[in-house]
Amino acid sequence: MKFSIHRMPFGATVHGGGVDFALWAPSMHGVLLVHTPAGGKAASHAMAQDADGWHRLTLADARAGDSYAYRLADGTTMPDPASRFNPQDVHGPSQVVDPARYEWADTAWRGRPWHEAVVYELHVGTFTEEGTFQATRERLGELAELGITAIELMPLADFPGARNWGYDGVLQFAPDASYGSPDDLKALVDSAHALGLMVLLDVVYNHFGPEGNYLHACCPEFFDAAEHTPWGAAINFDGPGSRTVRDFFVHNALYWVEEFHFDGLRMDAIHAIRDSSPRHIVQEIREALNAGPARERQVHLVLENDANQASLLARDANGLPVAGTAQWNDDLHHAVHVLATGERDGYYADYADDAAGRFARALAEGFIYQGQPSAFRGGEPRGEPSTRLPPTAFVSYLQTHDQVGNRAFGERIHALGDPVLVRAALACVLLSPHVPMFFMGDEFAASSPFLYFCDFGPELASAVAEGRRAEFGRFAAFADEAARARIPDPNAAQTFQASKLRWRERGARPHFARLCEVQQLLDARHRLLVPHLAGVRGAGSHGGEDGLIRVQWALSGKRLHLLANLGAEPAVDTAAPAGTVLYSRGAVADAAGLQLERGAVHATLEDMAGG
């Protein structure tokens with residue numbers, strides 16, 4: 001099939017007899033559709049309301065490219081909450097889109113198995129100078145050549161203004177117009193598939209942004225005022241009327257995968273979703289994907305979950321995920337950050353004792369916190385046992401947009417940490433059976449920061465800037481007003497501009513050296529490690545002391561051994577692990593054993609009995 005359409009009860013649906021419009025707003029009466037033909041004048045049309053709270057209208061003369069909006073009885077004019085495109089931003093009218101107009105070239109694409117994934121997280125607006133889908137598309141070949149097999153786009157749902165991380169989206173079905181059109185996004189995915197790259201999309205189902213969310217005005221049933229999150233009233237996933245709310249998000253997940261051919265989703269902060277239903281919304285989305293697009297191709301569901309709920313990553317008798325395919329492994333990141341930088345503020349305090357040993361546990365078992373009390377959380381237990389999960393259930397990394405961008409000055413770990421330990425930790429992650437992830441620019445040690453930026457209206461912009469500076473005021477480094485004043489203003493255009501990657505660095509020292517090292521590691525991973533990752537089940541084992549760590553995993557027919565010296569001094573006369581060398585740096589063998597420089601990493605593959 002050269003075109004792809006996701007059928008849904010919401011929004012504007014193009015067909016041979018015009019366009020059907022549908023809005024769910026049970027508390028509203030007398031809703032009007034304001035329709036503006038391309039190049040014509042606006043006209044208002046009364047919509048019919050049924051007993052279930054749906055307002056519907058079919059316009060025989062409406063076409064793709066027309067603009068439309070909904071007008072409530074109090075005069076509020078708003079875009080469609082299920083808009084497929086809002087070229088005039090979140091306060092402007094929606095545009096009718098005919099998804100059948102795009103002809104796909106990837107009709108033979110069936111995705112890639114998860115164990116082959118090497119993920120590259122990118123923000124479309126700062127990945128290139130142009131900040132568009134088209135410009136991103138032009139850089140994909142370099143990523144594929146490096147050894148990346150999946151790109152993960154930070155959220156695209158239409159947000160207020162011209163720049164945003166994406167987590168303030170308010171129109172869940174509309175790719176933000178600052179990046180290009182829906183067809184431009186489809187062309188990006190199409191090109192990625194031609195290069196063998198999977199494309200994942202970050203989606204935010206735990207809250208809406210603070211500006212431009214008209215659902216509060218037209219549909220209070222969408223929220224549960226009794227349940228609060230860091231962003232206000234919780235989305236109503238389990239109260240009266242929640243069936244339609246849940247459908248909205250299930251359809252959104254299917255929409256991105258079916259209509260845009262995404263290979264999977266990354267669900268942001270599911271720990272902030274309030275859902276006491278017998279079947280959690282994550283589970284329902286997984287089942288909908290399995291019953292739909294996953295019948296014909298590989299579709300993956302990646303979670304961010306601070307609660308470390310291993311149960312949401314469980315596998316069935318066939319080794320297939322019952323909900324999440326994998327989870328972002330912040331535990332591993334936090335241990336590495338403490339190890340490399342020495343920072344122990346905030347949640348890093350939970351990883352301050354024996355950071356190298358905790359890193360080893362994360363490599364072997366996934367989660368570090370598997371039910372133990374967290375001092376940072378006041379002694380509350382955190383997490384569930386993860387040793388039954390396969391290593392590929394964990395997406396591991398040295399940094400993400402969160403861990404960089406939530407610093408006052410957006411510094412990356414290679415600008416903060418001990419370079420010897422940063423390099424060693426990167427090799428450990430890339431040579432582990434976890435799914436590794438880069439944040440854009442990691443591969444060449446980019447010098448550009450990744451700052452927090454947004455583009456809100458004046459009143460909200462001022463509150464955000466003041467709030468961010470006040471938040472950092474709790475740290476000793478920002479105790480005085482002059483220090484806080486140096487924190488970049490999130491709403492300033494130059495803050496956004498400073499966060500753009502400097503692609504020319506890629507060919508300059510020492511950036512090129514890092515790039516070559518990453519390519520060498522990924523080549524070893526793809527040739528020697530990936531062929532033995534399919535079907536792996538269960539955790540590895542770990543040990544070590546004084547910063548010398550040993551980790552091993554049972555793979556398919558092989559045993560993987562990883563030895564790394566993350567201590568303060570060289571390690572001498574160390575017993576060499578069995579097997580053929582997969583990778584070695586800083587390790588020299590002699591009659592007494594291995595002599596390991598500080599930061600040495602040595603990995604081997606051993607044949608297992610019967611393998």
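How much accessible surface does the chain have, and what share of it belongs to carbon and sulfur atoms? I looked this up first. The surface comes to about 23,200 Å², and 51% of it belongs to carbon and sulfur atoms. The areas come from the Shrake-Rupley method with a 1.4 Å probe.

I note that this is a predicted model, where local features need pLDDT of at least 70, side-chain atom pairs count only at pLDDT 80 or more, and totals for chains, interfaces and linings use all residues. Residues are numbered from 1 along each chain as its sequence is written, and side-chain values use heavy atoms, with hydrogens and water left out.

Next I checked the overall form. The C-alpha trace spans about 85 × 60 × 50 Å along its principal axes. I found that 58% of the 611 residues count as buried, meaning under 20% relative accessible area with a 1.4 Å probe, protein chains only.

Then I turned to contacts (heavy atoms within 4.5 Å). Of those with a separation of 6 or more, 72% join residues 24 or more positions apart.

For secondary structure I found 15 helices and 29 strands. These are DSSP runs: helices are H or I with at least four residues, strands E with at least two.

Pairing takes at least two DSSP bridges between two strands. E1 and E2 (residues 18-24) run antiparallel, joined by five bridges. His15 stands opposite Gly18 in E2.

Conventions. Buried means under 20% relative accessible area, exposed over 50%, partly exposed in between (1.4 Å probe, protein chains only).
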